[in-house]
Amino acid sequence: MTQIKTTKDTENQQKNPDTLSEKLEALAESAKSFNMPYLKDIPKIDGKTLNIISQNVAQQHKIISFEKSDRKIKVGIVDPGNIDTLNVLRFIAEKGKLEIDLYLISQEMFDGMFEQYSGGADKVIKDAMKELIQDDKVGGEVSSSRIGSK
């Protein structure tokens, strides 16, 4: 069965882009309308930079810091038209004596970046476990006597 696309289908597709390139195009158009840069990829964020904005504030306002140099930080924002969010950013800037550069990000990008809050803790736990296992190796075998016992 052949499917015929109507004008309404095309409009819906533009409002709800399916492919990555369509989503990136939509983000670029939004960024242009806000006269601001946008992110094309999810960056790897170090823990210190990530925690400039607390996890709770980041989640509530859909903002996330992703790069820092001296007193300047780059912050991804999902809704740059949200006055409450902009006020929170002003407060963070004043409190930390920081200059903030805003970058538009999609909700999906925010979600991917936000996962790095918990990713930092997971890495610390994995590294600690590796170190513990290396310390406990005896003759090529792992000694389990230290784990859970005192």
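A crossover is right-handed if, with the strands pointing away from the viewer, the path from the first strand over the helix to the second runs clockwise. In this predicted model, local features need pLDDT of at least 70 and side-chain atom pairs count only at pLDDT 80 or more, while totals for chains, interfaces and linings use all residues. Residues are numbered from 1 along each chain as its sequence is written, and side-chain values use heavy atoms, without hydrogens and water.

Strand S2 (residues 72-77), helix H5 (residues 83-96) and strand S3 (residues 99-104) form a right-handed β-α-β unit. Helices (H or I, at least four residues) and strands (E, at least two) are DSSP runs, numbered from the N terminus. S2 and S3 are parallel and share six bridges; two strands pair if DSSP finds at least two bridges between them. Ile77 has Leu104 of S3 as its bridge partner.

S2 also pairs with strand S1 (residues 63-69), here antiparallel, through six bridges. Glu67 is bridged to Lys74 in S2. Two residues lie between the strands of this hairpin, where Asp70 adopts a positive phi near 55°.

The largest nonpolar core holds 26 residues. Such a core is a set of buried (under 20% relative accessible area, 1.4 Å probe, protein chains only) Ala, Val, Leu, Ile, Met, Phe, Trp, Tyr and Cys residues joined through side-chain atoms within 4.5 Å. Leu39, Ile53, Ile64, Leu89, Ile105, Met113 and Tyr117 touch the most other members. Helix H2 (20-34), S1, S2, H5, S3 and helix H6 (107-136) each contribute at least two residues. H6 gives the most, with five. Beyond four places in sequence, Ile105 contacts (heavy atoms within 4.5 Å) Leu27, Leu39, Ile64, Gly76, Ile77, Val78, Phe110 and Met113.

Terms used
Buried means under 20% relative accessible area, exposed over 50%, partly exposed in between (1.4 Å probe, protein chains only).
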